[in-house]
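The following explanation leads the reader through a single structure. Please consult the sequence and the coordinates alongside the text.

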Amino acid sequence: MCTHTPKCPAADSTDREAARIVAGHPEQGWSLLCNGVLIFEDTGDLLPDGRVIAPHRSLAVTA
């Protein structure tokens, strides 16, 4: 899906979330990246092939 230069990371690469946003809907909690990945506000991902990446936000440590 990515047509700009330099190319964005592929949907199956570990840095997939570095791709450009082509449709952002923060009011609904998701954005579509140019590599076809849907990223969600809770840090989960939905890959173009239907695989789900569970939320992976870091846990904040408070003192």
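T43 counts as partly exposed, at 24% relative accessibility. In this predicted model, T43 belongs to the loop between β3 (38-40) and β4 (45-46). Its phi is near 80 degrees, a positive value in a residue other than glycine. Most residues other than glycine have a negative phi.

Strand β4 also takes part in one of the 2 salt bridges that the structure holds. D45 pairs with R16, and their closest N and O atoms are 3.4 Å apart. Because D45 lies in strand β4 and R16 in the segment before β1 (21-25), the pair ties together parts that are 29 residues apart in sequence. D45 is buried, at 3% relative accessible area, and R16 is likewise buried, at 13%.

A salt bridge also joins R51 to D49, with the closest N and O atoms 2.8 Å apart. Here R51 is partly exposed, at 43% relative accessibility, whereas D49 is exposed, at 52%.

S31 is buried, with a relative accessible area of 13%. Beyond its neighbours within four places in sequence, S31 contacts I21, A23, G24, H25, V37, L38 and I39.

The largest nonpolar core has 9 residues: C2, C8, A11, A19, L33, C34, V37, I39 and L47. In soluble globular proteins, nonpolar side chains tend to be buried together. With neighbours within four places in sequence left aside, the contacts of L33 include A19 and I39, as well as R16.

Conventions
Residues numbered from 1 in each chain as written. Predicted model: local features only at pLDDT ≥ 70, side-chain atom pairs only at ≥ 80, totals over all residues. Heavy atoms only, no water. Buried < 20%, exposed > 50% of the residue type's maximum accessible area, 1.4 Å probe, protein only. Contact = heavy atoms within 4.5 Å. Core = buried A, V, L, I, M, F, W, Y, C linked by side-chain atoms within 4.5 Å. Helix = DSSP H or I, 4+ residues; strand = E, 2+ residues; numbered from the N terminus. Salt bridge = Lys/Arg side-chain N within 4 Å of Asp/Glu carboxyl O.
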